[in-house]
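Welcome! Take a moment to look over the protein below, and then we can walk through it together.

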Amino acid sequence: DARSHMAADISQLDAIIGKFLDYARPGNANLQNVSLREVIDACLFGFQNRTDLRINLELSNDLAVLGDAVELGRVITNLLENALRYGKSVDTGVAMVDIAAKARDKWVLIRLRDHGIGVSEAQLNNLTTPFYRGEAARTAANGAGLGLAIVERTIARMGGTFALSNAASGGLSANIQLRRAGTG
């Protein structure tokens, strides 16, 4: 029993060190034309057997962004994990997540929104601050408070923007803007 607890602790420390390294990664990403649908489908594959997650996907198959496929996949996966951890319905215990993307001029707007309780306006502005953990996150023992800071920095390295907002009908919305592939 002690060994399994030690192994779990080591695994958690390894994950936290990985988060620190992700946050500290310098420079710009290697930008290429990336199929948004392929990246999101690959991310969703890892969640397909979850009974506590329902995804509503709204994006065309031909939408492409200028980005780094691996980094963008890590961003989407991180946001899905957060929605799964903090965006579950109090009544059902299921996280309902909407993922939508649309092209607008030279940009692609991506929104990943859960239908949980959202966060207070005071917390909203701090969620991308390194090592900040919101009220809901403080009850969980794992995590370093770097996930959303890494997301923001990764999107910035790809020349995009990242913002969080509370959805009018409830839940937290992660909003990403990346340059549309082929628009110069």
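Predicted model: local features only at pLDDT ≥ 70, side-chain atom pairs only at ≥ 80, totals over all residues.

The mean pLDDT, which is the predictor's confidence, is 82 for the protein. A value of 70 or more is reached by 76% of the residues. Over residues 137-144, however, the pLDDT is below 50. Even so, this stretch has 14 contacts in the model beyond near neighbours in sequence.

## The overall fold

How many helices and strands can you find? The protein has 6 helices and 7 strands.

Now consider the contacts between residues at least 6 apart in sequence: 68% of them join residues at least 24 apart.

## The nonpolar core

In soluble globular proteins, nonpolar side chains tend to be buried together. Here, the largest nonpolar core has 36 residues. The members that touch the most others are Leu36, Leu72, Leu79, Leu80, Leu112, Ile155 and Phe162. Two or more core residues come from each of α2 (36-45), α3 (69-86), β4 (95-104), β5 (107-114), α6 (147-157), β6 (161-166) and β7 (172-179). The biggest contributor is α3, which gives 7 residues.

Which residues does Leu72 touch, leaving aside those up to four places away in sequence? They are Leu36, Val39, Val65, Ile155, Met158 and Leu178.

Conventions:
Residues numbered from 1 in each chain as written. Heavy atoms only, no water. pLDDT = per-residue confidence, 0-100. Contact = heavy atoms within 4.5 Å. Helix = DSSP H or I, 4+ residues; strand = E, 2+ residues; numbered from the N terminus. Core = buried A, V, L, I, M, F, W, Y, C linked by side-chain atoms within 4.5 Å. Buried < 20%, exposed > 50% of the residue type's maximum accessible area, 1.4 Å probe, protein only.
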